[in-house]
Structures are given as C-alpha cells and as structure tokens.
Amino acid sequence: MTEPILSFHRADRIGTVKAQELLAEKGYFAGRANGDFGAPMQRSVVAFQKDHKLEPDGIVGAETWAALASTKKPKKAKKAAQEPEPAAEVAPAPEF
C-alpha cells in the first residue's frame with residue numbers, strides 16, 4: 001500500500017497519526033499523535049527533512065515516508081549522541 005501524501009493543507013488523520021508516531025520515535029515530534037497536521041507537525045517534518053537531506057517542504061511524500069521508515073539516524077544525531085556536553089565554566093569567587 002502506498003502511504004498518503006500529507007501536508008498542512010491536505011492530510012488524513014490515520015496517515016498523520018502514523019507519521020507523528022514515526023517522527024516521535026526519531027525525536028522530532030514531541031506532541032501526542034492526534035492526527036492533526038498543524039504547525040507543530042509541519043515544523044517537525046521540516047526539521048526531519050533538513051536532517052535527512054530532503055527538500056524541506058513540510059510535505060510527507062514518498063521520499064519522506066521512505067526516510068521515516070528507515071532505521072538510519074542522521075549523521076547530525078549520531079554526532080550529537082557521541083559527543084559529551086561541554087562542562088559549564090565556573091567563575092572564580094570574588095576576593096574581598
């Protein structure tokens with residue numbers, strides 16, 4: 001079965017829920033999968049597309065569905081996961 005094309009102006013609830021769940025699994029969608037293709041969903045799709053070198057058009061088409069179905073993580077996410085966060089610098093105590 002071919003996945004539906006989803007966008008801000010054209011989306012079906014079942015397809016949108018599936019896309020939201022896949023985006024959430026990959027860390028791109030923080031909301032509840034409710035089938036609403038609103039602004040938060042569109043921002044999630046665009047961020048996912050940018051990280052996966054896809055056209056950041058906010059439309060979940062064939063290429064975006066294929067990338068969502070893939071288990072590969074973007075290089076950016078791998079690098080971020082491997083590098084520890086820098087330690088916070090502590091200012092010296094003032095001398096009195």
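Helices here are DSSP runs of H or I with at least four residues, strands are runs of E with at least two, and both are numbered from the N terminus. The model is a predicted one, in which local features need pLDDT of at least 70 and side-chain atom pairs count only at pLDDT 80 or more, while totals for chains, interfaces and linings use all residues. Residues are numbered from 1 along each chain as its sequence is written, and side-chain values use heavy atoms, with hydrogens and water left out.

**Exercise 1. The overall picture**

Work out how many helices and strands the chain has, and what share of its residues count as buried.

Step 1: Tally the elements, and you get 4 helices and 0 strands. Going along the sequence, that reads α-α-α-α.

Step 2: Turn to accessibility. Buried means under 20% relative accessible area, exposed means over 50%, and partly exposed is what falls in between (1.4 Å probe, protein chains only).

Step 3: Look at contacts, meaning heavy atoms within 4.5 Å. Take the ones between residues at least 6 apart in sequence: 35% of them join residues at least 24 apart.

**Exercise 2. Helix H2 up close**

Check the span of H2 against the expected one, then find which of its residues are buried and what covers them.

Step 1: H2 takes in residues 39-51, 13 residues in all. The expected span of a helix is 1.5 Å times one less than its number of residues. From first C-alpha to last, H2 reaches 18 Å, close to the 18 Å expected.

Step 2: Pick out the buried residues of H2: Met41, Ser44, Val45, Val46, Phe48 and Gln49.

Step 3: See what lies over them. The cover includes helix H1 (13-25) and helix H3 (62-69).

Step 4: Follow Thr64 for a view from H3, the helix where this residue is found. Thr64 is buried, since its relative accessible area is 5%. Setting aside neighbours within four places in sequence, Thr64 contacts Phe48, Gln49, Leu54 and Ile59.

**Exercise 3. How H1 packs on H2**

Describe how the axes of H1 and H2 cross, and which residues meet there.

Step 1: Axes are lines fitted to C-alpha atoms, for helices over the stretch in contact, with angles from 0 to 180 degrees between N-to-C directions. For H1 and H2, the axes come within 11 Å and cross at roughly 55 degrees. H1 is therefore oblique to H2: under 35 degrees would be roughly parallel, over 145 roughly antiparallel, 65 to 115 roughly perpendicular, and the rest is oblique.

Step 2: Now the handedness, which is left-handed if the near helix is turned anticlockwise from the far one by less than a right angle, and right-handed if clockwise. The H1 and H2 crossing comes out left-handed.

Step 3: List the partners. H1 brings Thr16, Ala19, Gln20 and Leu23, and H2 brings Met41, Ser44, Val45 and Phe48. That contact splits into 5 nonpolar, 3 polar and no charged residues. (Ala, Val, Leu, Ile, Met, Phe, Trp, Tyr, Cys and Pro count as nonpolar, Asp, Glu, Lys and Arg as charged, and the others, Gly among them, as polar.)

Step 4: Thr16 is buried at 0% relative accessible area, and beyond four places in sequence its contacts are Leu6, Ala11, Gly35, Asp36, Phe37 and Met41. Gln20 is buried too, at 1%; its contacts beyond four places include Phe29, Asn34 and Met41. Arg32 is another contact of Gln20, 12 residues away in sequence and 8.0 Å away C-alpha to C-alpha.

**Exercise 4. Outside the helices**

Is Lys53 buried or exposed, and where do Ala30 and Ala11 sit?

Step 1: Lys53 lies in the loop between H2 and H3, just after H2. With 74% relative accessibility, Lys53 counts as exposed. Its phi is positive, about 55 degrees, although Lys53 is not a glycine.

Step 2: Ala30 belongs to the loop between H1 and H2 and is exposed at 83%. Its C-alpha is 9.3 Å from that of Met41, 11 residues along the chain.

Step 3: Ala11 is in the segment before H1, and at 42% it is partly exposed. Beyond four places in sequence, Ala11 touches Leu6, Thr16 and Phe37. Between Ala11 and Ile59, 48 residues apart along the chain, the C-alpha separation is 9.5 Å.
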